[in-house]
Amino acid sequence: MSTQYSIAIADDHILIAKALTGIIDNFKQYNVLYEVEHGKALIEKFRNPKNIPDIVLLDINMPEMDGFETARWLKQYHPEIFILALSMQDDDKTLIKMIKSGASGYLLKNAHPVELENALASLISKGFYYPDWATNKVLMNIAAGNDNKSVLKLSDREIEFLQYAATELTYKEIGEKMFCSARTVESYRDSLFEKLAVKTRVALALYAVKTGIHKL
């Protein structure tokens, strides 16, 4: 008999929450415990231990208590729970902010049900799920323990650049912080692309966040 995993849905769009429940009900290994409209209602549910799920599907834009604040609360008080952020936004800044807040995964609301099931399975088996544009390879390396800067032979300047990679600063602004030109910053970026086997800044930001060397 396969293991069953419980899910709570926090989304202020009732139709979307109901639709998600209907979809998940067709997945063999998962069951939805309940739906709430915001983070405060989720916390209230947690007063009963029976209502604490294995996974929380968490909308980002909600009234009362949004996804960022809710994720931070979950990370502090229930770090064992997997958080799958749900959003209509596919921009890097929102993704990185959710990861900083404690999300284990990120899924667009227009994703196919098959991708939702894959995302849930990835959370359970790997501990994370991010879309292709977020470059899963970085996170796979981290999960495998290949996140030690000495093993990767990162220079002090590359590590300093990584501290700024998860911020909203432009390369020119990062250069000003590091007292060098934007072109020099781009050389650090390109070197890290090669060492980490990635192709995007968001992948570098994910690495920085997951290894704890980013600037808050």
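I began with serine 104 and looked up its contacts (heavy atoms within 4.5 Å): leaving out residues up to four places away in sequence, serine 104 touches Ile81, Phe82, Ile83, Leu123, Gly127, Phe128, Tyr129 and Tyr130. The model I am reading is predicted, so local features need pLDDT of at least 70 and side-chain atom pairs count only at pLDDT 80 or more, while totals for chains, interfaces and linings use all residues. Residues are numbered from 1 along each chain as its sequence is written, and side-chain values use heavy atoms, with hydrogens and water left out.

Is serine 104 buried or exposed? I noted that serine 104 counts as buried because its relative accessibility is 10%, where buried means under 20% relative accessible area, exposed over 50% and partly exposed in between, with a 1.4 Å probe and protein chains only. Serine 104 sits in the loop between α4 and β5 (105–108); helices here are DSSP runs of H or I with at least four residues, strands are runs of E with at least two, and both are numbered from the N terminus.

**The chain as a whole**

I recorded 11 helices and 5 strands for the chain. Of its 216 residues, 46% are buried. Taking contacts between residues at least 6 apart in sequence, I found that 65% join residues at least 24 apart.

**The second largest pocket**

I next asked which residues lie nearest the centre of the second largest pocket. Lys75, Gly102, Ala103, Ser104 and Lys210 do, out of 17 lining residues. On a 1 Å grid over the protein atoms alone, a pocket is an open set of points with protein on both sides within 12 Å along at least five of seven lines, whereas a cavity is a set where a 1.4 Å probe fits but cannot get out; lining residues have an atom within 4 Å of a point. The volume of this pocket is about 240 Å³, a volume being the space filled by probe spheres set on the points, with grid points joined across faces, edges and corners. At least two lining residues come from each of α3 (67–77), β4 (82–87), α4 (92–101) and α11 (201–211). By class I noted 8 nonpolar, 5 polar and 4 charged residues in the lining, counting Ala, Val, Leu, Ile, Met, Phe, Trp, Tyr, Cys and Pro as nonpolar, Asp, Glu, Lys and Arg as charged, and the others, Gly among them, as polar.

After α11 comes glycine 212, with a positive phi near 75 degrees.

The axes of α8 and α11 come within 8 Å and cross at roughly 100 degrees, so α8 is roughly perpendicular to α11. Axes are lines fitted to C-alpha atoms, for helices over the stretch in contact, with angles from 0 to 180 degrees between N-to-C directions; under 35 degrees counts as roughly parallel, over 145 as roughly antiparallel, 65 to 115 as roughly perpendicular and the rest as oblique. On the α8 side, Phe161, Leu162, Tyr164 and Ala165 meet Arg201, Leu204, Ala205, Tyr207 and Ala208 of α11. I classed this contact as 8 nonpolar, no polar and 1 charged.

Leucine 169, in the loop between α8 (156–165) and α9, touches Tyr164, Ile174, Lys177 and Arg201, not counting residues up to four places away in sequence. Leucine 169 is partly exposed, because its relative accessible area is 21%.

**α9 against α10**

For helix α9 (residues 171–178) and helix α10 (residues 182–196) I found axes that come within 8 Å and cross at roughly 100 degrees, which makes α9 roughly perpendicular to α10. Tyr171, Lys172, Ile174, Gly175 and Met178 in α9 meet Ala182, Val185, Glu186, Tyr188 and Arg189 in α10, and I counted this contact as 6 nonpolar, 1 polar and 3 charged residues.

Most residues other than glycine have a negative phi. Phenylalanine 179, in the loop between α9 and α10, has a positive phi near 55 degrees and counts as exposed at 77% relative accessibility. Glutamate 64, in the loop between β3 (55–59) and α3, has a positive phi of about 70 degrees and is exposed at 56% relative accessibility.
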